[in-house]
Amino acid sequence: MKHSYEVLIIGGGVVGCAIARELSRYRVRAALLEKEADVGMGASCRNSGVLHCGFKYAQGTLRAILDVRGNAMMDDLCRDLKVKMKRIGKLTVALDEEDEPMLDHLKEQGDANGVPGLEVIDRDRMQRIQAGVEGYRALYSPTSAIVSPYNLTIALAENALANGVDFHLGQKVAAITRQEPRWEVRTAAGDTFTADVLVNASGLFAADVCRMVGIREYEIYPCRGEYYVLDRRLDGTLTALVYPAPKKNAPGWGTHLTPTVDGNILIGPTAEYLDDPEDFACTSDVMARLRRECQRLLPSIRQSDYIRNFAGTRAKQTPPEVGGNKDFVIEDRKDLKGFVNLVGIESPGLTSSPAIAEMVVGMVKNHLALLPDPAFNPVRPGSLDFFWELPPEEKAERIAEDPDYGEIICRCEKITKREVIDAIRNPLGARTMVSLKYRARASMGRCQGGFCIPRIVRLLRDEFGWDPEDFLKRGADSPMFVGNMRPDKGGQAHEL
Amino acid sequence: MNSKASPIEKIQREVVVIGGGPAGLAAAIAAREAGCKEVLLVERDRILGGILNQCIHDGFGLHAFKEALSGPEYADRYIRRLPGAGVEVMDNTIVLSLSSDRVLEVSARGALRHVEAGAVILAMGCRERTRGAISIPGHRPAGVYTAGAAQNLINLENIMVGRRACILGSGDIGLIMARRLTLEGARVEAVFEILPYSSGLPRNIQQCLNDYNIPLFLNTTVTDIIGKGRLEAIRVAQVDGDRVPIPETERLVPCDTLLLSVGLIPENELTVQAGVAMDPVTGGALVDDTFMTGVPGIFACGNVLHVHDLADWVSVEAEEAGRFAAAYVQERREEPRRRTPVRAGEGVRYVLPQTISGERDFILSLRVTAPWRDRTVVIRDGGGREIRRKKMMRLHPAEMIRIPVKKGAGADGSPLEVSVE
């Protein structure tokens with residue numbers, strides 16, 4: 001099929017979706033192409049979910065400017081989009097006197113970057129903010145926060161969609177050609193998209209997309225970070241983010257514990273350069289190291305508290321022998337009119353995403369006259385809280401109104417049938433089990449779907465008419481089942 | 001809110017049983033037959049029977065009914081007694097929370113209820129240990145299931161999970177599923193077990209693996225899972241004495257399905273929420289010789305208390321718990337009685353109950369730490385005096401040992417110790 005747009009965004013990560021949502025404020029025909037079956041399936045669902053405050057980046061860099069701006073935008077954005085965000089603050093801990101100059105440097109740099117509320121605090125205050133934390137002094141940054149990165153990405157996309165941006169999922173870009181003055185994008189599925197402005201927000205694949213238009217100066221070095229997810233039993237253990245004072249030229253923050261907005265704790269990420277940007281495997285040596293580290297940081301940990309592993313890859317612009325980070329590349333290419341290029345949006349990309357979107361839309365305005373759309377609605381419908389988080393009276397009212405709230409499908413996370421159905425009817429039309437998981441949390445708990453997957457299967461078959469072949473874990477290449485056992489109708493099997 | 005009544009329905013029952021599997025069914029009937037007028041059985045599924053419903057193989061009831069029944073048939077023996085016994089059933093109903101003063105928040109289609117219970121019997125069963133809990137490295141493709149989830153999909157939902165399967169863990173569900181998949185035309189490459197012995201019942205090794213020429217590799221585990229979309233292969237390796245994989249023994253086994261049968265975990269979220277003290281070894285509550293937990297009026301039985309090998313023993317235990325819960329309500333006994341500790345000694349992984357009163361006969365349940373032949377299980381009191389001994393030809397960690405003990409043991413308050421000699 002042929003599609004024509006004014007603006008075409010390549011990549012449905014948090015950055016692409018934020019750009020889509022920012023564009024949806026205007027009267028513009030815009031679309032987003034995503035190669036996976038859902039948005040946010042790359043680095044955007046595979047990170048610590050931390051909103052950084054912005055003291056770590058050199059003054060005047062895009063990372064410093066956009067992170068501070070993005071962080072400040074998050075309260076309104078998350079409120080409007082019904083995304084959970086908690087400003088729990090962060091302690092960057094100096095373990096001894098030797099680390100102290102680093103704290104002073106970070107405080108000075110943060111102040112210059114416009115980070116609000118930074119303080120170097122003593123051990124007593126540190127321990128009042130996070131019980132049990134050891135160290136000499138700490139830099140306290142009250143605006144550091146946690147957010148669900150995939151919920152934010154999905155919410156940005158849904159709100160953009162509601163305001164008129166088209167989302168084309170499962171569309172992998174195969175070739176880009178110049179049809180002066182427009183761009184023509186052909187996808188692996190055989191569809192053609194034309195646009196006046198093309199935005200490259202393809203994250204780990206940014207350099208590949210660059211090469212499709214003849215830009216050769218960028219290279220992405222995927223750097224994998226592995227994590228463990230810990231059981232919600234430990235919810236409440238961490239009341240703030242606690243990071244060790246950073247070391248020079250380290251590729252990331254170092255391994256640390258991060259609480260999530262849903263009450264889990266993450267341990268990770270590690271750092272390992274790879275050739276394959278989508279090698280999300282977890283490896284035995286790294287896993288053993290993470291477990292040892294976890295034992296040290298959380299002595300009360302039990303074997304059964306490890307409920308899952310995952311890994312993500314950072315889109316680094318620097319090879320391992322160089323290390324460290326480079327600033328974001330966000331450019332309106334003079335040599336390629338209408339090509340807005342984003343390269344190396346690794347950390348703090350999540351925090352910066354709404355600010356990046358503003359900057360990119362500013363660049364789009366160099367090419368198109370964008371008029372505000374008076375119909376733009378920044379608010380995403382729905383509820384911020386899950387059913388189980390509501391007070392009992394409210395639960396009872398909801399059940400009385402809609403019996404599907406009374407039926408629990410996912411036992412560990414107490415997710416109701418209503419919430420599962422709402423998730424599967426999501427506006428983007430994402431239909432994989434991972435899509436369902438990221439929206440409804442079903443199967444994310446300690447039994448990892450052992451209880452709810454058969455129930456979800458029954459629900460989708462009986463009420464939505466799904467066949468066994470319709471159940472995909474992540475996409476077309478990950479079928480969950482091979483078919484029916486017997487040709488007879490499903491559903492009779494459990495009329496015992 | 002003042003103008004309208006609270007939407008939460010509040011009810012009272014003498015005994016509330018949480019879970020309608022083998023434990024809950026037997027406990028509810030026993031409590032009712034012991035004279036309790038109001039016995040409420042709460043089941044989260046739409047049918048009673050719990051995990052028995054997906055266990056369509058036979059072998060249930062050999063002790064309880066002296067015949068080989070399938071799981072659903074075994075459940076039916078109890079379910080059909082419910083109306084006659086006068087047990088009230090709420091199915092499709094889940095307990096969201098339980099307080100230490102025995103108030104349950106219960107959710108069902110159309111109603112949220114608060115149930116005040118005179119006594120609560122915990123019978124929630126157990127769940128399967130997952131890949132995450134045993135930290136198997138590799139990708140996370142489709143095609144990796146716990147054995148019980150696969151059993152549910154196959155036997156209850158008519159869904160075939162794969163064509164070429166490997167099974168990690170030789171627990172009974174894994175063994176049963178090896179046979180089940182074979183009968184359905186899948187090729188089962190092998191069962192791998194990290195321990196030097198199988199953790200399943202010997203009869204299942206024979207009837208599910210040997211009879212179908214499915215190899216069992218002991219001292220072997222999965223070291224890698226390969227496949228970004230659907231599972232393509234696993235790597236397995238032999239392990240050394242510390243259960244660490246030996247790299248030079250690693251080999252690739254192509255398969256599209258990996259079933260995990262790597263242990264069961266009693267499902268005690270409600271128990272912990274109610275403030276019940278737990279046994280770190282069993283993963284269940286600490287109970288006395290009436291199956292009462294440390295919280296007065298809260299009882300536990302079946303797999304939520306400790307993982308059983310046979311459903312028959314679950315039923316026996318639950319009947320006892322049901323009777324004691326009924327007695328608790330009728331006698332309104334609140335005072336904790338004497339609690340003499342019973343401890344696991346040499347060669348014993350755990351014992352149950354963990355405390356006794358000395359006032360009544362009881363069944364001591366235990367599991368041993370390793371397989372042995374021709375040993376004796378000995379119960380001694382605090383002074384080292386032998387109270388009971390049972391000579392056994394064959395002891396195996398997969399099999400629960402049950403030893404009746406007469407009242408009077410531990411009556412002097414000195415702790416008992418159980419060991420293998």
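**Domains 1 and 3 of chain B**

Across the interface of domain 1 and domain 3 of chain B, the rule finds one salt bridge. Asp289(B) forms a salt bridge with Arg360(B), and the closest N and O atoms there are 3.2 Å apart. Keep in mind that this is a predicted model.

Chain B is divided into domain 1, covering 1-127 + 264-336, domain 2, covering 130-262, and domain 3, covering 339-421. Taken over C-alpha atoms, the centres of domain 1 and domain 3 of chain B are separated by 26 Å.

Now the interface itself. On the domain 1 side of chain B, 23 residues are in contact with 18 residues of domain 3 of chain B. Of the area that domain 1 of chain B buries against domain 3, 33% is supplied by Asp289(B), His306(B) and Asp309(B), more than by any other three residues. As for polar contact, the count between domain 1 and domain 3 of chain B is nine residue pairs.

Next, the nonpolar side. The largest nonpolar core has 70 residues, and among the members that touch the most others are Val15(B), Ile18(B) and Leu122(B). Helix 9 of chain B, residues 311-331, gives the most to this core, with ten residues. The core draws at least three residues from each of domain 1 and domain 3 of chain B.

Take Ile18(B): leaving out residues up to four places away in sequence, it touches Val42(B), Leu98(B) and Leu270(B), among others. A second, separate core has 59 residues, including Ala18(A) and Leu156(A).

Technical notes
Residues are numbered from 1 along each chain as its sequence is written. Chains are lettered from A and ligands numbered from 1 in the order in which they are written. This is a predicted model: local features need pLDDT of at least 70, side-chain atom pairs count only at pLDDT 80 or more; totals for chains, interfaces and linings use all residues. Side-chain values use heavy atoms; hydrogens and water are left out. A nonpolar core is a set of buried Ala, Val, Leu, Ile, Met, Phe, Trp, Tyr and Cys residues joined through side-chain atoms within 4.5 Å. Buried means under 20% relative accessible area, exposed over 50%, partly exposed in between (1.4 Å probe, protein chains only). Helices (H or I, at least four residues) and strands (E, at least two) are DSSP runs, numbered from the N terminus. Domain bounds come from an automatic or database domain assignment. Contact means heavy atoms within 4.5 Å. Buried area is the accessible area (1.4 Å probe) that two parts lose on being put together, summed over both. A salt bridge is a side-chain nitrogen of Lys or Arg within 4 Å of a carboxyl oxygen of Asp or Glu. A polar contact is a pair of N or O atoms within 3.5 Å; within protein, one must be able to donate a hydrogen and the other to accept it, and residues adjacent in sequence count only if both atoms are side-chain atoms.
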